Amino acid sequence: MPSIGSPFDTIVAPITGAGPAAVAAVRISGPEAFAIAAKVFSPFDAPEPMRARYGKFYHGDDGLALPFAAGHSYTGDETVELFVHGSPVSVRLLIEGCLAAGARLAEPGEFTQRAFLNGRIDLAQAESVAETIAAQSEAHFRRATENLSGALSREIRALREAALTELAHLEASVDFSEEIGEYDLSRAKDMFSQGYGVLGRLLESARGSRILRSGFRVSLAGRPNVGKSSLLNALLRSDRAIVTEIPGTTRDVIREAIEIEGVQVILSDTAGLRDTADAVEEIGISRTGEEIASADLTFYLYDGSIGWTPEDERWCPTESVWRIATKCDLPTFQPTDDRRLSTVTGEGIPEILAELARMLEELTPPILITDRHREHLMAAEGFALEGLTVSCLVTTPDLVSVCLNEYINALGKISGETSGPDMLTEIFSRFCLGK
Ligand code: GDP
């Protein structure tokens, strides 16, 4: 990706999806936006900001042009959004017209990068634009839009400002020790201690954020014929997996997603666990092991009409597992304290889903954290701890000042105050075209 964000060129890209649709939108942004719009659309004389105008495009289509004045647009630059019929051909011809009129095709993420460079949003907010677009579930979408309005940025800014205040006090007391006296190290200690607490809390959101982003993984495991595929079908309310009385039918992992409490839950039906001489089934069983290891939770199913067996004892994972007795509709069902269900009558399934919903609610993070944030939050947390230790142990402010600077720097990388061009290129290149 070339270095972008030059305030001197005007960029253009479609801002709606690629397929045919009723309407498609194209954005032109930069100092020549109005002039270029006037070359592809008419009438565009004396455009009034934020007032859409109906007219004709020179490539033959008709539609709307919506101008935004500099300082009042998504990017912060002069912008025109053009709405044509959602034909990919119309969009292509319009873009070609804009390029011929002097615009340059925007790089992925370039509109948002300009918004960042123009100070309209900070880095954490810019990243949540990508998160909002990528959100697959309602809970993910909600958290992403909260960050868009600055939930994470506010927390980080408050910590950074508190640290900058201490740095200013500390430096002033070094330069003007006679006038204002020595710096009170307990101030830094309190500030680091508070920051350490806040960062720890934000980091706790990291696991929940991963779940929001990629879904909560539940593997359905157990010996053959206990009812794993039947449960998957019941949860999906469709016949996705093959249900038979023949053991060993599910040989590969089947994954399907459902949404519970707004969180995407990825269910995987796995090969039944047993010793087998069948090479294909054995591969399936080893995949089951991998699936259990990477799942957030395993439903370990066993046939409740047979009861818990030594094989179950052997195969059942020891962590993050719910033991579930199946076929509780059968008269031979044996009494148990474990969770129970029947896919024939539906008994027990709502209770299990409700319990899962409660678990997901607890896991839903108050703030959405990306892997990049996590890395810098961990670094900042490390510097906060170091600063806390140093300000407890030393009497000279020099070392505290070093810790303060590192801490401030790490926090700035989250919101973008201390980000280098490489980091920006890395972040914005992950965007899709037209954002
Ligand atoms: P899997 O091998 O663990 O995936 O088990 P299946 O879902 O293929 O089910 C194995 C057999 O048990 C099939 O004949 C199902 O109809 C039957 N089965 C599954 N769940 C229940 C249940 O809750 N009650 C009864 N009575 N039969 C069930």
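This is a predicted model: local features need pLDDT of at least 70, side-chain atom pairs count only at pLDDT 80 or more; totals for chains, interfaces and linings use all residues.
Gly 227 has a backbone N or O atom 2.9 Å from an oxygen atom of the ligand. For Ser 229, a backbone N or O atom sits 2.8 Å from a ligand oxygen. Then a side chain. Lys 327 places a side-chain N or O atom 3.1 Å from an oxygen atom of the ligand. How much of the ligand does the protein bury? Alone, the ligand exposes 580 Å², and the protein buries 84% of that.

Next, the cysteines. The disulfide count is zero. Look at Cys 316: the nearest cysteine sulfur belongs to Cys 328, and it is 18 Å away. A disulfide needs two cysteine sulfurs within 2.5 Å, so that distance rules the pair out. Cys 328 is likewise in no disulfide. Buried or exposed, then, for Cys 316? Buried, because its relative accessible area is 12%, under the 20% cut-off. Cys 328 is buried too, with a relative accessible area of 12%.

Last stop, a hairpin. Strand E9 covers residues 254-260, and strand E10 covers residues 263-269. They pair in the antiparallel sense, over seven bridges. Find Arg 255 and look across: Ser 268 in E10 stands opposite. Two residues lie between the strands. In that turn, Glu 261 has a positive phi of about 50°.

Definitions and conventions
Residues are numbered from 1 along each chain as its sequence is written. Side-chain values use heavy atoms; hydrogens and water are left out. Buried means under 20% relative accessible area, exposed over 50%, partly exposed in between (1.4 Å probe, protein chains only). Two strands pair if DSSP finds at least two bridges between them. Helices (H or I, at least four residues) and strands (E, at least two) are DSSP runs, numbered from the N terminus. A polar contact is a pair of N or O atoms within 3.5 Å; within protein, one must be able to donate a hydrogen and the other to accept it, and residues adjacent in sequence count only if both atoms are side-chain atoms. Accessible areas come from the Shrake-Rupley method with a 1.4 Å probe; for residues, only the protein chains shown count as cover.
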